[in-house]
Amino acid sequence: MRFRDKIVLVTGSARGFGATIARSFAHEGAQVVITYFPAAPGDEALAHAVARDCGAELVLPLDVRERASVHATFHAAAPTCDSRRADS
């Protein structure tokens, strides 16, 4: 469990590679923050399904093209993150 006690935010984790990466981090013990593209039909439901697979508590909308969306997502995730980081 290489990522136990670490928090990982995976962009685009509602489907495809993002979902696979989120599941892999969860399998390695990370607490995963799931994000989805809010303009994509069905992505929120898919994101919640991935969250159930990962045991993730946070599912957040994220449009990486919009600075305000990035700030809002990280601001929403910050209280659960403490000082644990996957890159530390």
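## Reading a predicted model: rings, helices and strands

Mentor: Let's begin with the rings: there is one aromatic pair in the structure. Before going on, note that this is a predicted model, where local features need pLDDT of at least 70, side-chain atom pairs count only at pLDDT 80 or more, and totals for chains, interfaces and linings use all residues. Residues are numbered from 1 along each chain as its sequence is written, and side-chain values use heavy atoms, with hydrogens and water left out.

Trainee: Which residues form the aromatic pair, and what is its geometry?

Mentor: In general, you describe two aromatic rings by the distance of the centres and the angle of the planes. Rings of Phe, Tyr and Trp (its six-membered ring) pair if their centres lie within 6.5 Å; planes under 30 degrees apart are stacked, over 60 edge-to-face, and the rest tilted. Here F3 and F25 sit edge-to-face, 4.9 Å centre to centre with 80° between the planes. F3 is in the segment before β1 and F25 in helix α1, so the pair ties together parts 22 residues apart in sequence.

Trainee: Is F3 buried or exposed?

Mentor: Use the cut-offs: buried is under 20% relative accessible area, exposed over 50%, partly exposed in between (1.4 Å probe, protein chains only). F3 is buried at 19%, while F25 is partly exposed at 22%.

Trainee: On to α1: which of its residues are buried?

Mentor: The general idea: an α-helix has 3.6 residues a turn, so residues three or four places apart point the same way. Helices (H or I, at least four residues) and strands (E, at least two) are DSSP runs, numbered from the N terminus. In α1, the buried ones are G18, A19, A22 and A26. Down the axis they fall within an arc of 100°, so they line one face of the helix; that arc is taken over the directions from the helix axis to the C-beta atoms. G16, F17 and H27 are exposed on the other side of α1.

Trainee: What do the buried residues of α1 pack against?

Mentor: They pack against β1, β2 and α2, with contact meaning heavy atoms within 4.5 Å. After α1 comes G29, with a positive phi near 100°.

Trainee: And which residues are buried in α2?

Mentor: D43, A47, V50, A51 and C54. Their arc around the axis is only 105°, which puts them on the same side of α2. Exposed on the other side of α2 are A45, R52 and D53. The buried residues of α2 pack against α1, β2 and β3. Take D43: its relative accessibility is 6%, so D43 counts as buried. Leaving out residues up to four places away in sequence, D43 touches A14, R15, Y36 and F37.

Trainee: How do β1 and β2 pair?

Mentor: Strands pair if DSSP finds at least two bridges between them. β1 (residues 7-10) and β2 are parallel, over four bridges, and V10 has I34 as its bridge partner in β2. From β1 the chain crosses through α1 (residues 16-27) to β2, in a right-handed β-α-β crossover. Right-handed means that, with the strands pointing away from the viewer, the path from the first strand over the helix to the second runs clockwise.

Trainee: How many bridges join β2 to β3?

Mentor: Four, and these strands run parallel. V33 stands opposite L58 in β3. The chain goes from β2 through α2 (residues 43-54) to β3, and this β-α-β crossover is right-handed. As for cover, five of the six residues in β2 (residues 31-36) are buried.
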